[in-house]
Amino acid sequence: MKGFTRTDLYFSLCGLNCALCPMLLAGHCGGCGNGNQSCKIARCSLEQPERVEYCYQCGKFPCEKYEAMEEFDVFITHQNQMADLKRAKETGPAAYRREQEERRGILDRLLAQYNDGRRKTLYCLGVNLLPLETLQTVLQTLESDPLLRGADQKEKAQSAAKLFQTAAKECKIELKLRKKRG
């Protein structure tokens, strides 16, 4: 959107974790403020008398633009959007950024070592939705499994996917994008 730019490409104005998005990873999106997509929240930001880096800094937050926002996903999950905005507000942008960088590091390792070309969306969802401690445990389990040292990429990916699904079930999280019916 013309005139809208961002310095934080990991966490969007509206609360999406852009650094964990499959579209950004594939090079199809430059992140919030670095593309030419029209966005009602970016437009709203430009119309405010004082520029905010995140919606939670606006005196009107949460506004009507957030009604039903978490109900459906696009390329990235919207499931934790409000919770992530609240956590970023509570911990501060720098602390939230450090957590996102750790999540992105885990995602990069999963994609490099445990991807058979069919797991990017699963890993992006898992890294977005599962608690950080759970992700660290899953990665540690994968990296310490002696059976996976000599395994091919397909076997590694199947093991990683199984661990992700098990962890998600324990956390009562469904690792599936929620599409709008319609």
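Numbering starts at 1 in each chain as its sequence is written. Because the model is predicted, local features need pLDDT of at least 70, side-chain atom pairs count only at pLDDT 80 or more, totals for chains, interfaces and linings use all residues, and side-chain values use heavy atoms, with hydrogens and water left out.

**Stop 1: the nonpolar cores**

Select L110, Y114, Y123, V127 and F164. These residues have the most contacts inside the largest nonpolar core, which has 27 residues. A nonpolar core here is a set of buried Ala, Val, Leu, Ile, Met, Phe, Trp, Tyr and Cys residues joined through side-chain atoms within 4.5 Å. Buried means under 20% relative accessible area, exposed over 50%, and partly exposed in between, with a 1.4 Å probe and protein chains only.

Now colour the elements that give two or more residues to this core: helix 4 (93–113), helix 5 (120–129), helix 6 (132–144) and helix 8 (153–170). Helices (H or I, at least four residues) and strands (E, at least two) are DSSP runs, numbered from the N terminus.

Centre the view on F164. Leaving out residues up to four places away in sequence, F164 touches L110, L122, Y123, G126, V127, L130, L135, V138 and L175; contact means heavy atoms within 4.5 Å.

Next select I41, Y56, Y66 and A88. They are among the members of a second, separate core of 22 residues.

**Stop 2**

A pair of aromatic rings is described by the distance of the centres and the angle of the planes. Rings of Phe, Tyr and Trp (its six-membered ring) pair if their centres lie within 6.5 Å; planes under 30 degrees apart count as stacked, over 60 as edge-to-face and the rest as tilted. The structure holds five such aromatic pairs.

Show F11 and Y54. Their ring centres are 5.7 Å apart and their planes stand at 35°, so the pair is tilted. F11 belongs to the segment before helix 1 (22–25) and Y54 to the loop between helix 2 (40–47) and helix 3 (81–91), so this pair ties together parts that are 43 residues apart in sequence. Both F11 and Y54 are buried.

Y96 is in helix 4 while F11 is in the segment before helix 1, so the parts tied together are 85 residues apart in sequence. Y96 is buried, as is F11.

Then select Y10 and R97. The charged end of R97 sits over the ring of Y10, 3.9 Å from its centre. The rule for this asks for NZ of Lys or CZ of Arg within 6 Å of the ring centre and within 35 degrees of the ring normal.

**Stop 3: salt bridges**

Side chains of opposite charge can pair when their charged atoms come close. A salt bridge is a side-chain nitrogen of Lys or Arg within 4 Å of a carboxyl oxygen of Asp or Glu, and the count comes to eleven.

Begin with E53 and R6, whose closest N and O atoms are 3.4 Å apart. E53 lies in the loop between helix 2 and helix 3 and R6 in the segment before helix 1, so the bridge ties together parts that are 47 residues apart in sequence. E53 is partly exposed at 22% relative accessibility, whereas R6 is buried at 8%.

Move to R87 and E99, which meet in a salt bridge at 3.1 Å, N to O. R87 lies in helix 3 and E99 in helix 4, so the pair joins parts twelve residues apart in sequence. R87 is partly exposed at 28%; E99 is buried at 18%.

Stay in helix 4 for R104 and D108, which lie four residues apart, about one turn of the helix. Their salt bridge is 2.9 Å, N to O. R104 is buried at 18% and D108 partly exposed at 36%.

**Stop 4: the cysteines**

Which cysteine sulfur is closest to that of C14? The closest is that of C39, 6.0 Å away and too far for a bond. C14 is buried at 12% relative accessibility. C55 is in no disulfide either, its nearest cysteine sulfur being that of C14 at 6.5 Å, and C55 is buried at 11%. A disulfide is a pair of cysteine sulfur atoms within 2.5 Å, and the count is zero.
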